[in-house]
Each structure stands twice: as structure tokens, then as C-alpha cells.
Amino acid sequence: MKRYDMSKCALCYEAPCDRLCPQIRPSAVLRSIWLGNEKWAAGMLPEYSMCMNCRGLCEQECIRPGEVPIRELMNRLYMEVRPALEIPVPDDLERLRTEICGVPLENPFLLSSSVVSSTYDMCARAFEAGWAGASFKTVCSFDIREASPRFSAIRGSNGEIIGFKNIEQLSDHSVAENMEIFRKLKEKYPSKVIIASIMGQTDEEWTELAGLCESNGADIVELNFSCPNMVYEGAGTSIGQVPELVERYTAATRKGCSIPVLAKLTPNVASMVPAALAAKRGGADGISAINTIFSVVGVNPYTYVSSPAVHGMSAVGGYSGNAVKPIALRFIFELAKEPELAGMYLSGMGGIETWQDALEFLLLGAGSVQVTTAVMQYGYRIIDDLKTGLNYYLAETGCRNVSEIRGGALDFISETTDVIERDTILFPVFHPDRCIGCGRCMISCTDGGHQAITLQEDRKPKLNGSKCVGCHLCLLVCPQGAITPSRKRVPVRRKEEKSS
């Protein structure tokens, strides 16, 4: 099941559909489907389907009456997903317990330093919802004055946000106000992990801020060497791009505290390794990555101003959201594979929305993950599907704890493509029963591939194996999932073989 199956669902607050079906609470099930957690959702449904003979009042109560196929989706969970479940839903979340630099975490999911973790009330609601901790919005003594508006986005064809831009800066609370928040959070939620993100202007200020944060309840200090929106010289990304400054300010921080120190590094570099090694030399216990990427979004064709536009001007800002995940994973992979960084803790972030997204970071060496943009879109409530989805996967694959999968994918990825086997082809297989005859595969193969697909009279595709190179572009563009890889590889016929 995919998001397009329920593309009209608005993922409502206090969804009207729940009023008509409190036994199942359709909104929670729909949200699980949206967040890739349909196995857990199917396993939690009652043993018999109440939707089979239902009049569908929930669909009529929807804010888009009749546009969200709630009954069909529920019945597909019963008829397709539930029978294929290999294990029952686990009855506890103990296997999610892990640590961050030796500090216990009840699960690997944290809020990253941003607007979603900027007040006591917000962090408290997140902790109550089930987040294991939060990296609080960066504490500083800068004069913070925010712009309005300060967000913009790139949307997919169905209106879904796929990329997000911000020109937001750091915490606008005073240092004293933030220290009071830390004390209150630690007093009320002693088992939750408070990561104090800090940014100083001098060596002495980095040292002082670290000490203040520790004495007021922070469990970990995170050094913001990566904010792309700071206008001050020697702040944010301008530090993270200079390894000497990373080492200097990490060492200054290390003087001021005894708790673990993470260096949050910028992706606006060719390689993150030099800055990470500098952080290690300065005394950091781990690395957080990535922060947002320099970006320009949405240039208006009439005003020529990009967004967000503020009184006729905009600026290069930080790009986040699911679109940056491949870049974030590349940096995590780079750091995890660097021998000189062995033993350094990695906390990963960048485009995480679902438990599968989080799993990819863990498989590439991260020990925990941090989330912002998905929370801004869907709220703290996504933690339910992050936890239960990952927990179900771990149970399904026989893992006793989340640490067992850490770095599991590292040996299957190479820094270069020279190790890739190039002597066989994996042909596509067409499934006529699923095909709707749109011809997208033929168009893409003809204009962007190898002219190996034609349409027959019934509009079903036909493959010319002598032209197909097994690139799988057709699989990617098919809107119905009607093309799959063959189970068998065949040898490549080289040009010299064809001519003989």
C-alpha cells in the first residue's frame, strides 16, 4: 500500500471519521499507511472486518466527503496485508532501547534542534507523546530577530511537501530563560534525554555555555557548527567549513563540561571527514549530521524574488525534508566508513519521515536519529508509527535490540562504482493484470532509455530483449507497480558477440 492510495486524506487533527468509527479509529490507521506502517496497523485491527458490510458513514463524515476510500483501504489491510504477516504485533517496545554516547535512550528517536523543540511546552508534549529526547533549539547570546515569512516548500504532483526551505535562526530566548527550561524538563522528565545545542562567539563563551547547560540538566551538548542562516561572522556554517575552527571551539566546549559532546556538522562541504576529524581532535564524542543544505527555492517569474519573500527580498536558506535524505545518508556513510573516526558516535538526520527512513540511517552506522521537518508537517504524533514500525521490523527479523542492526549495510556499499558487476542483465517482467495501458514505460524507454519497449494493440507493453539493457527506468515510472525485476540474471551480450 502506498501514499497515493489515500492521497486525498488530509491527516486531520481530531479527524471527523473517528466519530463514526471509534472502535477502529480510521485516522490512526490511515496515518500508519501514510507513514509506511501498514503491517503494524493490520496486526492491530480487530479479528473480523467491520468494514465489509459497513455503510461507509466515516467516508461521508470526512472533510472531503467520499474522496478518501477508507473502507477499501481497511479491507485491503484485512485481505492483503494481514494474511501475509509473519509474526503477531509485539507487545512491548523493549528492543528499541539504545544509548547515545553512553546515555540511555528509551528509543532512537529524537527531536532535532529547531522550532519543534524550542519551548518547555513543546518538548513536554513531545516527551508525553513518546519521543526519547530532544536537541533543544540552539542556545546563544546573539541578538536573534526572525523574518516573516521564513518558510517555503517544494511540492510533489499530489501537493505533498517533498522539500522544505527555512531562513530561521537560533533560539530567541535568553540564555537564562533556556536554562530554566532545561531545569524544568529534567525535573519533570528525568528519563528523557536533553541535548543542549549551543553556539558561542568566543572560546570563553563556548566554554561557559557548555558548563551552564550541564549544571542545569542537559545530558549532552551539541555544537552548532552548521546553521546556514546566521549572519554573524564566525558562526554556524562558517565554522563547520573550517576544520581549524571546529577543533578550536570543540576543545573550548570540552573544557566547560564533562557530559558527552556532539559536533553538528554542515553538509555544505565536499567532504565532512576533515571537520569530523577536527572535532575528534578537539574532544568530541560524536557527530550529528546533517544540518540543512544551502538552497534557493521558487523564483517568482513576475517579481523575480525567490521564496520566502520578505519585503521584496529573499536569501539563500537551509533545505530539508525527504528530498535531502539521499545526501544525508551519503554523509553518514562517509563518516561511518572512515577508519580514523572509528568509535565516534553518529546521530543522523535529514529527511526522516517514516520508520524505514530512520532504519536506513541506522543501517549506515547512526546510533540514533533526529527529526524536524516531518514533525512540522504531521506533528509529534508520528512517533507512534516510528516506534511501532521499527519495533515490528526488529521483531520480524529476529533482532533483540536496535543496536544489532547498526552499520549493517556498510559492507554492501562502495565509495566508487568500480566494484559493480557489469556482466549480467536483470530484465524487467511485465504483469498484464496490473497494467492499465498508460504507455509510460514505453515513452520513458523510447525517449530516455534504449527503445526496448513497444505497445501492442491492447496497449500492453512488449519487451525487445535484444535492446533492453536492464536499466529499470520502466520500473520506476510505472504508476501501477506492474513491472518487476526478473528473478534470474542473464549474461550481457557484448557488441563483439552480436557482430559475430
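Phenylalanine 164 counts as buried at 10% relative accessibility, where buried means under 20% relative accessible area, exposed means over 50% and partly exposed lies in between, computed with a 1.4 Å probe on protein chains only. This is a predicted model, in which local features need pLDDT of at least 70 and side-chain atom pairs count only at pLDDT 80 or more, while totals for chains, interfaces and linings use all residues. Residues are numbered from 1 along each chain as its sequence is written, and side-chain values use heavy atoms, with hydrogens and water left out.

**Aromatic pairs**

- The structure holds seven aromatic pairs, a pair being two rings of Phe, Tyr or Trp (its six-membered ring) whose centres lie within 6.5 Å, with planes under 30 degrees apart counted as stacked, over 60 as edge-to-face and the rest as tilted.
- One of these pairs joins phenylalanine 151 and phenylalanine 164 in a tilted arrangement, 5.3 Å centre to centre with 45 degrees between the planes.
- That pair links distant parts of the chain, since phenylalanine 151 lies in strand 5 (residues 151-155) and phenylalanine 164 in strand 6, 13 residues apart; helices (H or I, at least four residues) and strands (E, at least two) are DSSP runs numbered from the N terminus.
- Phenylalanine 151 counts as partly exposed, because its relative accessibility is 34%.
- Tryptophan 355 and tyrosine 393 form another tilted pair, 5.8 Å centre to centre and with 35 degrees between the planes.
- This pair also links distant parts of the chain, with tryptophan 355 in helix 13 (residues 355-363) and tyrosine 393 in helix 15 (residues 383-396), 38 residues apart, and both residues are buried.
- Trp206, Phe225 and Tyr249 form one aromatic cluster.

**Glutamate 168**

- Glutamate 168 is found in the loop between strand 6 (161-166) and helix 7 (175-188), and it counts as buried because its relative accessible area is 7%.
- The side chain of glutamate 168 makes a polar contact of 2.4 Å with that of lysine 137 and another of 2.9 Å with that of arginine 150; a polar contact is a pair of N or O atoms within 3.5 Å, where within protein one must be able to donate a hydrogen and the other to accept it, and residues adjacent in sequence count only if both atoms are side-chain atoms.
- Leaving aside residues up to four places away in sequence, glutamate 168 touches several residues, among them Val115, Phe151 and Cys227, contact meaning heavy atoms within 4.5 Å.
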